[in-house]
Amino acid sequence: MTTPPFSPILLGGLLMRAIPTELIQPVADGLARRLQDRHPGIFERLSPLGPRRFLVDVVDLPWNFLLSVAESEGRVEVLRKDADEAADATIRAPLKVLFGLLDGSIDGDAMFFTRDMSFEGDTEAVVALRNALDGADIDLIADLAESLGPLKGGATRLSECLLAAFTRLESDFAAVGDSLVQPAVRRAEAQARRIDELETRCAQLEKALRRARTMPT
Amino acid sequence: MTRVARDPSRPVSTLELVCPAGTPAALRTAVDAGAHTVYCGFRDDTNARNFPGLNFSREELAEGIAYAHDHAADVLVAINTFPTAGNLDPWHRAIDDAARLGADAVILADIGLIAYARDNHPGLRRHLSVQAAASTPEGVNFYAREFGIARVVLPRVLTLPEIKELNRHTEVETEVFVFGGLCVMAEGRCSLSSYVTGKSPNKTGVCSPASHVEYVEHGSGLDSRLGGFTINRFADGEPAGYPTLCKGRFGANDKTSYLFEEPVSLNLLTMLPEVADAGVTALKIEGRQRGKAYVEKVVKAFRAAVDALDRGETLDAAAIDDLTEGGRETAGAYKRTWL
């Protein structure tokens with residue numbers, strides 16, 4: 001199970017819980033339209049699979065996103081966490097990881113191997129989605145700014161400022177998080193070392209026991 | 001057989017870095033990151049990485065080749081599965097199209113297809129895929145003599161001394177895997193995945209197809225399954241892996257362990273001087289199924305290492321551990337310690 005990291009997004013997500021999904025939906029619609037217009041290859045690569053529904057559980061936000069793909073078209077529906085929607089596959093990851101997967105700056109396999117993201121359901125559909133997104137050269141900020149028409153320049157500058165501020169905030173959160181969990185981490189590391197020692201000892205004893213059993217009497 | 005795009009400024013002694021591309025975006029990433037050569041395949045059964053959403057249409061390959069050639073990089077097209085009798089057309093078309101689109105070489109495994117390429121496209125450079133499992137000078141020289149093979153991709157089961165010895169007895173260029181997933185079976189002949197899924201990696205181009213893979217979360221961790229069989233069980237927090245049968249954890253003799261191979265990745269970054277000394281021509285990075293972030297990071301690290309080697313400098317291990325399967329790496333059979 002993917003747990004949300006201690007980050008400004010988690011805190012922001014808690015504060016945004018009261019925002020109704022109807023207010024977020026237009027943003028999701030706009031993004032889906034931009035992706036379809038600028039990156040039709042995504043849906044073309046997914047089309048051999050037929051219609052598919054992906055539930056994207058952004059673990060540090062109060063909403064899920066249901067991506068439906070059919071006949072080279074896609075739409076995104078914003079859902080409350082407790083909404084019960086059937087999907088072919090569910091993908092769980094923090095927002096930062098999902099953004100990294102969208103723009104190809106993060107390796108999806110590495111994220112999965114290290115358990116920073118998880119999924120369940122139709123593996124073939126998830127693999128195809130990952131490959132299609134990775135092959136698309138998506139630049140989310142440019143895509144969103146582009147949709148704002150004449151406000152594009154201002155939106156780009158604003159997003160750069162916000163990203164810089166977010167990076168600073170994230171670093172502060174990491175420092176606070178470290179100071180809070182360090183004592184527990186040290187205890188866990190000591191216990192892990194002890195367990196390793198005991199496992200080694202156990203293995204030695206098992207080996208000795210097997211030898212003793214197979215020795216001719 | 002001439003190489004169209006090879007960068008004339010590249011020193012002859014330089015090890016050629018052959019990098020994976022599963023999509024056009026990954027091809028551009030690999031070229032920008034310093035790949036001398038990129039290998040890729042068509043979006044069908046003709047190549048051994050036939051994963052959903054991956055690979056190239058004909059148009060995409062044409063654009064990719066143009067991009068690579070503009071940046072003095074070569075493009076190799078892998079047509080390295082084995083056609084079934086009576087259904088040769090897709091494979092013949094793949095070879096014809098690779099030649100028509102200006103690929104610098106085709107990577108082939110099936111002996112009939114190699115003959116087809118020799119007869120119909122004599123000017124197209126032919127590489128012998130690892131799927132052909134040629135591992136002796138006699139085998140490699142046979143392919144060179146009869147089919148004009150210019151390069152062989154060696155199986156990942158040879159030691160460096162064995163590769164050096166092989167190179168002493170052949171004029172054929174050798175290419176070895178230096179990073180990525182590690183196949184320890186007789187490649188091109190392994191039927192483990194076919195046995196469990198009913199789909200042959202050697203004929204349809206995918207080992208452990210995603211359509212047969214399941215990940216199931218449960219209270220104490222994560223199970224990975226292939227064709228309905230549990231292949232591995234990962235505790236919470238333990239690095240996970242893809243469920244290929246040869247890298248599963250099985251119970252035997254009252255013990256649960258990796259019977260064939262652990263889910264580790266090959267990494268020869270710090271062994272490149274020894275690889276060069278073995279007479280190898282090209283270094284292959286595995287991972288057409290991996291994303292751009294992987295391609296960029298690994299290609300940059302290896303290109304820096306190859307350049308450092310050219311300058312006679314000591315190689316530093318780059319931080320690419322996080323891209324390895326299971327978070328662990330090995331020198332594999334190249335530095336065999338178990339015999």
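In what order do the five strands of the open sheet in chain A stand? I looked this up at the start. The order is 3-2-1-4-5, and the pairing is mixed. Strand 3 (73-80) and strand 5 (118-121) of chain A stand at the edges with a single partner strand each, so one side of each has no neighbour in the sheet. Neighbouring strands are turned by 20° against each other on average, direction ignored.

**Confidence.** I note that this is a predicted model. Chain A has a mean pLDDT of 88, and 99% of its residues reach 70 or more. Within chain A, confidence is highest in strand 1 (residues 52-58), at 95, and lowest in helix 7 (residues 140-146), at a mean of 77.

**Around the sheet.** I followed strand 2 (residues 63-70) of chain A next. It pairs with strand 3 of chain A in the antiparallel sense, over eight bridges. Ser68(A) stands opposite Arg75(A) in strand 3 of chain A. Helix 2 (residues 21-38) of chain A lies across strand 2 and strand 3 of chain A, and runs at about 160° to strand 3. Helix 6 (residues 123-134) of chain A lies across strands 1, 2, 4 and 5 of chain A, at about 75° to strand 1.

**The contact with chain B.** I counted 26 residues from chain A and 39 residues from chain B. The buried area is about 2600 Å², and carbon and sulfur atoms give 48% of it. In chain A, Arg45(A), Phe113(A) and Arg115(A) lose the most area to chain B. There are six salt bridges between the chains. Arg45(A) forms a salt bridge with Glu60(B), with the closest N and O atoms 3.2 Å apart. Helix 6 of chain A gives the most to the side of chain A that touches chain B, with eight residues.

How values were computed. Residues numbered from 1 in each chain as written. Chains lettered and ligands numbered in written order. Predicted model: local features only at pLDDT ≥ 70, side-chain atom pairs only at ≥ 80, totals over all residues. Heavy atoms only, no water. pLDDT = per-residue confidence, 0-100. Helix = DSSP H or I, 4+ residues; strand = E, 2+ residues; numbered from the N terminus. Pairing = 2+ DSSP bridges. Axes fitted to C-alpha atoms, helices over the stretch in contact; angles between N-to-C directions. Contact = heavy atoms within 4.5 Å. Buried area = accessible area lost by both parts, 1.4 Å probe. Salt bridge = Lys/Arg side-chain N within 4 Å of Asp/Glu carboxyl O.
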